[in-house]
Amino acid sequence: MARQNDTLANFSASTNEELSVTTSNSVPSNASLKTLSAPAFLLLQNVGTVPVFYRLTADADTATCTTASGNYTGVLAAGDADEDGTGGVMTLAGYTGGLAFTTGSGTGKVNIAYSGRLGD
């Protein structure tokens, strides 16, 4: 019988990155999150006080995230204070592209948590 919660089955191998996001294209330092992610579970949360724009893209180094011309997928709402848990959250499973972030002004922070690759 299959496990009921296969998405979180390998969460013990989770990785976490807190990314400082500026008004220019900001990408995770983890190379697989920039170009070829396929996590069983992926969570993005704004842990700062500035709205953070994100873009789901094939290659975050070349297909940049910017507020100009709507080159973003969505917006993570700002929190009331740094790391207070009230910032916007997005969860994805099995997404196979890259991630890029930007802000409209100021410097934001986004937390990226993911749990291994699908099928591991």
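Student: Which residues touch the most other members in the largest nonpolar core?

Tutor: A nonpolar core is a set of buried Ala, Val, Leu, Ile, Met, Phe, Trp, Tyr and Cys residues joined through side-chain atoms within 4.5 Å. Buried means under 20% relative accessible area, exposed over 50%, and partly exposed in between, with a 1.4 Å probe and protein chains only. In soluble globular proteins, nonpolar side chains tend to be buried together. Here the largest core has 13 residues, and L44, F101, V110 and I112 touch the most other members. Two or more residues each come from β1 (14-21), β2 (42-46), β3 (52-57), β6 (98-102) and β7 (108-115). The largest share, 3 residues, is from β7.

This is a predicted model: local features need pLDDT of at least 70, side-chain atom pairs count only at pLDDT 80 or more, and totals for chains, interfaces and linings use all residues. Residues are numbered from 1 along each chain as its sequence is written, and side-chain values use heavy atoms, with hydrogens and water left out.

Student: How many helices and strands does the protein have?

Tutor: Helices (H or I, at least four residues) and strands (E, at least two) are DSSP runs, numbered from the N terminus. The protein has 1 helix and 7 strands, in the order β-α-β-β-β-β-β-β.

Student: Is Y114 buried or exposed?

Tutor: Y114, in strand β7, is buried, because its relative accessible area is 10%. Its C-alpha atom is separated by 4.4 Å from that of L42, 72 residues apart along the chain. Across the protein, 41% of the 120 residues count as buried.
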